[in-house]
Amino acid sequence: MERSFEQYFRQNRLPHLWCPGCGNGIATKAIVQAIESKGLERDKTVIVSGIGCSSRASGYMDFDTLHTAHGRAIPFATGIKLANPELNVIVITGDGDCTAIGGNHFIHGCRRNVDLTVVLFNNNIYGMTGGQASPMTPTGKKATTAPYGAVDPVFDACRLAEAAGATYVARSTAYHVQHLTSMIADGLDNKGFSFIEAMVQCPTAYGRKNKMSDPVQLMMWMRDNAVMKAAWDKLPEDKKQGDRFPIGLLYQEAGVDYATAYDHVIDLAGGAAK
Amino acid sequence: MSKARLMQGNEACAEGALAAGVRFFGGYPITPSTEIAEGMAKMLPKVGGKFVQMEDEIASMGVVLGASLAGKKALTASSGPGISLKQELIGYAAAAEIPVVIVNVQRVGPSTGQPTAPSQGDVMQARWGTHGDHPMIALSPWSVREAFDTAVMAVNYSERFRTPVILLMDEIVGHLREKVELPEADEIEIYPRRQPGCTPAEGYRPYAPAEDLVPNIADFGNGYHIHVTGLIHDETGFPVGSPKVTREAIDRLHTKIEIARDEITHVEEYCMEDAEYAVVAFGGTARTAYEAVLAARQKGIKVGMVRLITIWPFADQAISDLAARVKGILVTELNYGQIVNEVERAAAGQCPVELCAKYDMTIFEPEEILEAVESLVAGGNK
Amino acid sequence: MRKQIRLSGSGGQGVITAAIIYAEAAVAAGMEAVQSQSYGPEARGGASKSEVIIDNGPIYHPHVSVPDVVLAMTQKAADKYYGDLHPEGILILDTDLVPEAPDFKNIIRVPITKIAIEQAGKSLFANIVALGVLTKVLQLVDLDTVRKAVAHRVPPHTVEANMKALQLGYDSVE
């Protein structure tokens, strides 16, 4: 069996610290396979992450990697991309990292259409700190800080990205591995802000609190509730209720990325790119 | 023709940073520092650099750290409230050893305070604003020309020591316009970005210290595949949960600055040859203190001034030597009393140390400092 | 030869710009100059004050202690900023905007804003008319140098109108 993706990992940093059954490894592998499929030059590819379970992925990946502070991956990544536009910059973030503490950066990264590929590992919970509710914990689901069920309405990060100006928005799950990989790969192709929500199972923190501590059970939930975008669009409104959610390319539009737009500023100011 | 021209302190700061090689600025508007961002927005694209106005102060700090890691010398500027927000990432820069300069044009605090009024109340914040044990370099100019010069120094120190440097300006100097003559480009010494000494194949370790205890960390995109984290890490850059590595890492962060302390601690003396008393001042306040010293000299009082250009690391040796040779020290600062505690500590009881503090939105008048000098002298002659 | 000058008015009248231009002219003439300002948080309509110190030698303390000349472009500014004027100093007032002149020995009243509107064409030029008045009264920097400083700072298409305003101000006092 071809395991060419292994060359993209720092073998001496493995095994990883994720729990048995965690979906983060699947999503991380999907990223490197997307990188491989697009033939990105490894020396010119930078992986930037925030803080949390998802964000430990950067340490295992054999590229220039940056493990930033909680919520701040997108500003750091923006700086890298603008300072050296020839670099491919991929951001790995989590639901808490991206939509809570880093929410403002997420919105404005989308708005600027910085040429980044942001992959959000959505495990519906704060895993690293032991299972607190995040903005993407479904309402009513339990967490250590939501012992009676989450009160808050949930964020749809994809709709948020679309509204804020991202030019490529997609969703997939750890169950749909090849689909997830292709969603990320297509995001790498987009010269602009690409956002991919990768739903991942967290049996330890989220599953256990919500009577789904078996990772297989969580993945079956993904299989049963994910609906391909084309099919989703044909569903009557009453069938879009409950746990069901669309996966696939959710939104795409043409747009000028920030570094290209700034090149125009440099031209106007009479400076040559140096 | 003379190159002399009227220039504002904030403008000179931006010019200095640019002259030192800054090619990236990320910021957020805040009085009284905004002219720095405005200057950079105008000048950076002219030299092929980039300016980005971020969504908030935290993002401004993050974006400059990212740009620095990708190889560009980077600057951000703000004032008290914004600097408070940046603190976590200032600590990140200290821990991950990322060169960056943060300008704080101080205004009256705490909180929103008095946005357009001068203060020097962020002296201790500059030192201890971020959490945990970390070194800090902070410089404070007293003139428009020195705003240029200290901006150059700040960029050079940040590169040389791979550490965040705070340029601790105040509204007095930031908004002041005065006659200034800037140096030519070839008169300015620039410390280049440090480069790795060996290849990955030769066993390169990004956080292995060079002889001066500063690591030669590769910029992103050069094939070194380094890992940068705010977690305590060993020489490979990867986190380690070891007490020994933790202690050694924190030791080295401090020691790399400590061994260069004499070289980076700048103080200047005025009228000190025969002085029996000394005024210690810094930043915009030193301008008024000097005028008071000159007035006291007119009255026959043997007083001089020691001006701190480097605020952190504190000029322990200079102040200790000073305390050994004068009968008393007057510390003037535009706050409730911050640097006075450092002066007292360094003076270690060798002479009395008194405080002349002001924190009411207005700057000192020379008469106020003169009066405090006279009171110090009267006490000393009792 | 130290001269301490205070320009005051309300935000938007351009007194800070006038002060900067005068300081720039002084520097161009080879003198030392510092200029500072204080303003309310409102960019328009608030009290606004700018100070210029000119000397042949270095200037340290950046604020005016005893002004030699105070220009006041509003009643509020006149009342607030003339108090510490040197007893032999000069108080310059906008005739129409400062209807009640403070009790002071040397007062020069010039219809600055009126000249700007009626002769220079816009109230916007009031600060440059005032600069002309100051240039004449102070006799520190020659008119030609001030002219160059104005031309350097104002938008190119307004240079001609500003030159006229400066001259009108200069000629309005003996």
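Predicted model: local features only at pLDDT ≥ 70, side-chain atom pairs only at ≥ 80, totals over all residues.
Trainee: How many residues of chain C are in contact with chain B, and what is the area buried between chain B and chain C?

Mentor: On the side of chain B there are 20 residues in contact, and they meet 20 residues of chain C. Carbon and sulfur atoms give 57% of the area buried between the two chains, and that area is about 1,700 Å².

Trainee: Which residues in chain B lose the most area to chain C?

Mentor: Three residues stand out here, and together they account for 36% of what the side of chain B buries. They are L6(B), R177(B) and K179(B).

Trainee: How many residue pairs are in polar contact between chain B and chain C, and which element gives the most to the side of chain B that touches chain C?

Mentor: Between the two chains, the count of residue pairs in polar contact, both at pLDDT 80 or more, is nine. The elements that give two or more residues to this side of chain B are β1, α7, β9 and α10. With four residues, the element that gives the most is α10(B).

Trainee: Which parts of chain B does the salt bridge of E159(B) with R193(B) tie together, and are these two residues buried or exposed?

Mentor: The closest N and O atoms of E159(B) and R193(B) are 2.7 Å apart. E159(B) lies in helix α6 and R193(B) in the loop between β9 and β10, so the pair ties together parts of chain B that are 34 residues apart in sequence. E159(B) has a relative accessible area of 2%, while R193(B) is at 10% relative accessibility, and under the cut-off of 20% both count as buried.

Trainee: Which residue forms a salt bridge with E51(C)?

Mentor: In this pair the closest N and O atoms are 3.7 Å apart, and both residues are buried. The partner of E51(C) is K49(C).

How values were computed:
Residues numbered from 1 in each chain as written. Chains lettered and ligands numbered in written order. Heavy atoms only, no water. Contact = heavy atoms within 4.5 Å. Buried area = accessible area lost by both parts, 1.4 Å probe. Polar contact = N/O pair within 3.5 Å; in protein donor to acceptor, adjacent residues only side chain to side chain. Salt bridge = Lys/Arg side-chain N within 4 Å of Asp/Glu carboxyl O. Buried < 20%, exposed > 50% of the residue type's maximum accessible area, 1.4 Å probe, protein only.
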